[in-house]
Amino acid sequence: MTAALPEGLLLAFYGDDFTGSTATLEALAFAGIETALLFETPDEDLLAALPHCRAIGIAGLSRSKTPAWMAEHLPSVFARMRAAGPRLSHYKICSTFDSAPHVGSIGQAVELGAEAFGNDWTPVFTALPGLARWQVFGNLFAGAHGEPYRIDRHPVMMRHPVTPMSEADLRLHLGQQTDWPVGLVDIASMKSGRSEARIAAETAAGAKILLIDGIDDESLAEAGRLMWEGHEARPFVAGSQGVEYALIAWWRAQGLLPAAEAPAPIKKVERIAAVSGSCSPVTARQIAHAAANGFATIALDTQLAVDARRWAEELGRVRQQALTALSEGRDVLVHSATGPDDPRVKLLNDALQSSDASQEEVSLRIGSGLGEVLSDLVREAKLTRAVVSGGDSSGQACIAMGLSAVTALAPLAPGAPLCRARSRHAHLDGLEIALKGGQMGSDGFFVSAKG
């Protein structure tokens, strides 16, 4: 008799930003698990419209929010996820553990999720070897330029503009965000068949959150086993999209999930438009590569975002410049920064200091403005493909555009698939769109997105 996964909804996930949510969508969809990513909390009618999905995701914004915001908003999201009846529910975080006590607190989210789902203890799995993310004895490492770095020495994450990483031991980093004791299922225990013994010792000592190490395919599958076999006692887990890759590895090792057929490559389109709210040096190189390959790269004067009227005028200027370039047959990329050293970053910070506007208000204004511009470009130039770059700004942009859901179409770069959008707006319904985190993709990402 052939083994098979149980019927019904296997997994529900909430992504703490939009680009990370599409990375989770990618993991599931290209493994052969029908998945829809929603940009709104699902109600009964929406769930009824997705009868064949084995996994559903909700793209969220909590990575850029305060613990107070999480306490107000996440319980209702978790209640809706639980009501959908999945075997396992996942709070999806960035694979570089972007978080701090005051913003994007993973500790706060884990506490709220564990209480909502009734966990005895909560697994947290961050590693993703295929994307150069490793956790060893509780310490997180990530690749950059082909080299592994401890996360507190990573050239991007040590300089992250919102949540710079100053501690690689995730027990200590997470311990700053929660009063709950944090333990570890270490790689030595996993490799020697003593995972359960380690769990028993840690929980007996009072741990309510257990980080799980991961460095290779074997430890990936072992992490998947621990989460899947324990889903009745702890139906809530937290971690990166490595959670999905771990589950898939375990399901395949047990013969529960066959290998999926390779998706068709993307087709070339005549023109594309992209917007970027990322300050990452990775994105900066991608913008430079796009400019060298014929894109019209248009800089937003972001310091004007502290004033609503001047910002509207700036968006109008950029919109007209972009439409002119598209009418000339060029691809367009509108950006808010070219890396952390772009002078606009300091000018914006200085403008914030001398204005009455809050940083949250201005960040929302910039992200929403990018979405409004992109929507106009798609409509006026009749585009069929677009790109949004930036972890936090991508969510604000997609909400401003009025997108309601996406499904995965084809791989584009690890963690940033090409998707098909659903929207109440006719010009956006069916749009092919990629949502790219700041650190995702090769230098040629925007050029590749054109096909």
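Predicted model: local features only at pLDDT ≥ 70, side-chain atom pairs only at ≥ 80, totals over all residues.
Me: How many residues of α4 are buried?
Reply: Ten of the twelve are buried, and α4 is mostly covered. The buried residues are Ile106, Gly107, Gln108, Ala109, Val110, Glu111, Leu112, Gly113, Ala114 and Phe117.

Me: What do those buried residues pack against?
Reply: Two helices are among the elements they pack against, namely α3 (67–83) and α5 (170–175). The strands β4 (88–92), β5 (122–125), β10 (209–212) and β11 (236–239) also pack against the buried residues of α4.

Me: Moving to β3, how many of its residues are buried?
Reply: Five of the five residues of β3 (residues 55–59) are buried, so this strand is largely enclosed by the rest of the structure. Ala55, Gly57 and Ala59 point one way from the strand, while Ile56 and Ile58 point the other way.

Me: Which sense does the pairing of β1 with β3 take, parallel or antiparallel?
Reply: Strand β1 (residues 11–15) pairs with β3 in the parallel sense, over five bridges. Within this pairing, leucine 11 stands opposite alanine 55 of β3.

Me: How many bridges join β2 to β3?
Reply: Four bridges join them, and β2 and β3 run parallel. Alanine 36 has isoleucine 56 of β3 as its bridge partner.

Me: Where is threonine 35, and is that residue buried or exposed?
Reply: Threonine 35 lies in strand β2 (residues 35–38). This residue is buried, with a relative accessible area of 5%.

Me: Which residues does threonine 35 touch?
Reply: Not counting residues up to four places away in sequence, threonine 35 touches Phe13, Leu25, Leu28, Ala29, Cys53, Ala55 and Thr407.

Me: Cysteines next. How many disulfides are there?
Reply: The count comes to zero disulfides. Cysteine 53 is in no disulfide, and the nearest cysteine sulfur, that of cysteine 419, is 13 Å away. Cysteine 398 is in no disulfide either, with the nearest cysteine sulfur, again that of cysteine 419, 9.5 Å away. The cut-off for a disulfide is a pair of cysteine sulfur atoms within 2.5 Å.

Me: Changing topic: in what order do the strands of the open sheet with β7 come?
Reply: Three strands form that open sheet in the order β6-β7-β8, with antiparallel pairing. Strands β6 (133–136) and β8 (147–150) stand at the edges, each with a single partner strand, so one side of each is left without a neighbour in the sheet. The twist averages 30° from one strand to the next.

Me: How many bridges are there between β7 and β8?
Reply: Strand β7 (residues 139–144) pairs with β8 over four bridges. The bridge partner of alanine 142 is tyrosine 149 in β8.

Me: Last one: which side chain makes a polar contact with serine 195?
Reply: The side chain of glutamate 222 does, at 2.7 Å. Serine 195 lies in helix α7 (residues 195–204) and counts as buried at 0% relative accessibility.

Terms used:
Residues numbered from 1 in each chain as written. Heavy atoms only, no water. Buried < 20%, exposed > 50% of the residue type's maximum accessible area, 1.4 Å probe, protein only. Contact = heavy atoms within 4.5 Å. Pairing = 2+ DSSP bridges. Axes fitted to C-alpha atoms, helices over the stretch in contact; angles between N-to-C directions. Polar contact = N/O pair within 3.5 Å; in protein donor to acceptor, adjacent residues only side chain to side chain.
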